[in-house]
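Reader: I'd like to learn how to read a model like this one. Could you walk me through it?

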Amino acid sequence: MIGTMPRSAASRGSAWQRLRRSEFPVALLFISPWIVGFLWFQLYPIVGSIYYSFTSYNIMQPPVFIGLSNFQILFGQDPLFRQALTNTLIFTAVSVPLNLTIAFIFALLLNQNIPGRAIFRTCFYFPSIVPSVAMGTLWIMLLRTRGGLVNVFLGFFGIHEIAWLSDPNWTMPALILVGTWTVGPTVVIFLAGLQDVPRVLYEAAQIDGAGPFHLVRHVTLPMISPVILFNLVIGVINALQAFTLPYVLFGNGGNPGGPLNSALLYSVQLFQVGFKQFQMGYAAAMAWILFVIIFVLSLISMRLSLRLVHYE
Amino acid sequence: MQGMINRRGFLKTAAAGAAVASLPAGTALASSPRATTTVEFWNPSGDALGGPLIKKLVAQFNNGIGKREGIYIDSRFVSTANNSIKYTTGMTSSNSPDLIMTYGYNTVLQWAANGFLQPMDAYLQQLGLKESDFYPVAWDMIHVNGRIWGLLQEFDADLLFWNTDIHKGPPPRSIDELDHLAAKYTKFDSSGRLVQAGIVPWAQGGFLGGGYGDWGPIWGASFYDEEKGKWTINTPQNRRFLEWYLKYVKMFGGRAKADALISATPKTYGYADIFNYGKTAFSMEGEWFPLELTATTSKKLHWAVSSTLLSAPGVSTRKMSMIAGANLFLLPARAKNVNAAITFAKHMVSVDSLVTWALPIGQFLPLKKAETDPRILKAQPWMKYFNEALDKQAFVTQPLSPQFPVFDQAMGQAVDEVTYMKKTPSQALDGVAQKVATAVSQFKATHPNWSRE
């Protein structure tokens, strides 16, 4: 009897009835496949890997809790961890700005109204859709010390053959060089940003006597700074997680870290530890350390963007 | 009208009938029509030599013993590229294969120690095998920590081959003689590039990275005490082969020159074939080399081999090679059809099957009766020298430890560190010892039942 019910209960009843009448349950039903997928394929593995990072676990036998031991060994006793982390940070610090610069220059060129622009865009984008393994195999041939096309080309300028893949001093430059081949998607994103810059700003600057350099420096760059930030963050994340190219370049019958592990990247070492040494707990600990590094770097980028990025 | 079949009814009936009719056909796709047990057999034989042989042996079984016993072998090819990872993933899943075949030995004890494999001791009688049937070194490879972990199909070991177009005389008998000849045959072009070498020891010392698998035993190295099951890495004796490597680094004018020579040569199985392509006078190669040379290159290499065991200064033992390559049949821990898998494995390691495998390839066979089969020596006269060396106990097992993959990777780096002049042999081996010690302590904490390091 509704009239004798306490006020709060009556309110709850009507709220429930409102909910039942609303579209919420139907909406929930429609997005439930994604929710189930997220819970099972993303959240559960994430939570699981946090737990496994504190255990010794080889998949077949139950995990054995060992506390912080994995992290202690990583930071205190594992020289390969330190080397992989150092190599990865160097790779990221050099390849990301380099790729951004190259992509920006290509985008500027492609933004010009020249005949055959669509063909050029296709040519620049095409390498990024080549499968990574095929690309790596191709680059092994291109980077051969003797007879490789890169050294043949450099030979025309009198540069003596460089042992790109077998000299520890040149393996990192080789990785960085190969990485520049996939700037296509970055170029496309920059191009979209460039085409969004209002022409009236360029015209106004030209009226004030700005030359091409000033136009780029004072109009283009500020206006596409959000795009630069996006490409920077994505570039850093991808570089810190680079795996396929270095593994294919150096892992074919040899040490996937290259000579003296000079090209050993973090993800490659994580893969080795997890799938060749069957230390899944140790690999999980490495994965979480990488997550923290990526998180901190992304946070720094976001904080810097408050000062350096221009939003309209 | 009542009793008449309408169009919808007809279509529904037809569809139901088709579904019922296709059911046995669909089942037949997964298994032989008359089989009661299907054995899922994973193997890496997609290569030019091994692929047809495995198909032949599987077909022999399916048409013979398999038909009689109601067993069908479902052979699945798994590429050798990283197949250790694919095998591990498969074996740890609920849909594990029933039997796997490997083209390598490196990960077997690691799998065994981690519980991925089940021991085969209980099936030896069913297999009709006993210890005395095997060569001692082959038995030692499968009988570890008191259990039998697999069945060898073949194993590989190396002897010194030479290019008879470059070196026309008898083979060197000692390291000193080898050094003298190597210096004689090392040639540079006018711009100082290395164009021919006597031998590049770190690249021509067997399957194991850095050549320690051959040159280590030749120089008397012993990295693992098999009796005690403990690692013995950084010892003066173990450093000697690395010190010898430095002689060749100096001879070439730096490691980079040898790398340049190697990079210009095509690769087979991921290894540069500098001997196959006539770039070096000598090389440590395996018993499989002559037939693989014919199958994979069109080069006409004139070669010779002998059972001469190289002597090294101050080394009393005469060992030539660590057994680093081997094909094995392994029983995953989660295999469902174990007895049927064992019946098939028995067929694969029978003398006839082993000889069928070895004849086109050239392999050491683990069973004495198979290895001394007259068909082998008739087809592969060079096996005479390998058998002589085997009788002289010139071959040793690789360290029989679950930490071997860690050791192997670390040794490859140690060789690089020494030959790139970044570390002394002692420093390099110290680094190896530390990495292995860390792996051992992590292993022991969670594997108390495995007594060997």
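This is a predicted model: local features need pLDDT of at least 70, side-chain atom pairs count only at pLDDT 80 or more; totals for chains, interfaces and linings use all residues.

Reader: Fine. How many helices and strands does chain B come to?

Author: Helices (H or I, at least four residues) and strands (E, at least two) are DSSP runs, numbered from the N terminus. Chain B has 19 helices and 18 strands. Burial is a neighbour count: a residue is buried if 20 or more other C-beta atoms lie within 10 Å of its own, exposed if 12 or fewer, and partly exposed in between, with C-beta atoms placed from the backbone. By that count, 47% of the 453 residues of chain B are buried.

Reader: And which domains is chain B divided into?

Author: Domain bounds come from an automatic or database domain assignment. Here you get domain 1 (35-156 + 324-391) and domain 2 (158-322 + 397-446). Their C-alpha centres lie 28 Å apart. For contacts, the test is C-beta atoms, placed from the backbone, within 7 Å. On that test, 25 residues of domain 1 of chain B are in contact with 25 residues of domain 2 of chain B. On the domain 1 side, α17(B) gives the most, with five residues. That side has 16 nonpolar, six polar and three charged residues. The classes: Ala, Val, Leu, Ile, Met, Phe, Trp, Tyr, Cys and Pro are nonpolar, Asp, Glu, Lys and Arg charged, and the others, Gly among them, polar.

Reader: How many residues of chain B are in contact with chain A?

Author: Interface size is often given as the accessible area lost when the parts come together. Counting residues instead, 32 of chain B are in contact with 31 of chain A. The largest share of the chain B side, seven residues, comes from α18(B). By class, the chain B side divides into twelve nonpolar, 15 polar and five charged.

Reader: Now a sheet. What order do the strands of the open sheet have?

Author: Two strands pair if DSSP finds at least two bridges between them. The open sheet has five strands in the order β2-β1-β3-β17-β6 (chain B), with mixed pairing. β2 (71-77) and β6 (151-156) are the edge strands, each pairing on one side only. β1(B) and β2(B) pair in the parallel sense over seven bridges, with B:V39 opposite B:I73. Helix α2 (residues 50-63) of chain B packs on the sheet, touching β1 and β2, and its direction makes about 165° with that of β2(B). Axes are lines fitted to C-alpha atoms, for helices over the stretch in contact, and angles run from 0 to 180 degrees between N-to-C directions.

Reader: Why is β6(B) described as largely enclosed?

Author: Six of the six residues of β6(B) are buried, so the rest of the structure largely encloses this strand. β6(B) pairs with β17(B) in the antiparallel sense over five bridges, and B:E154 stands opposite B:N327.

Reader: Last one: is B:L261 buried or exposed?

Author: Buried, because B:L261 has 23 C-beta neighbours inside 10 Å. B:L261 lies in helix α11 of chain B. Leaving out residues up to four places away in sequence, B:L261 touches B:L194, B:A197, B:I274 and B:K279.

Notes. Residues are numbered from 1 along each chain as its sequence is written. Chains are lettered from A and ligands numbered from 1 in the order in which they are written. Two residues are in contact if their C-beta atoms, placed from the backbone, lie within 7 Å.
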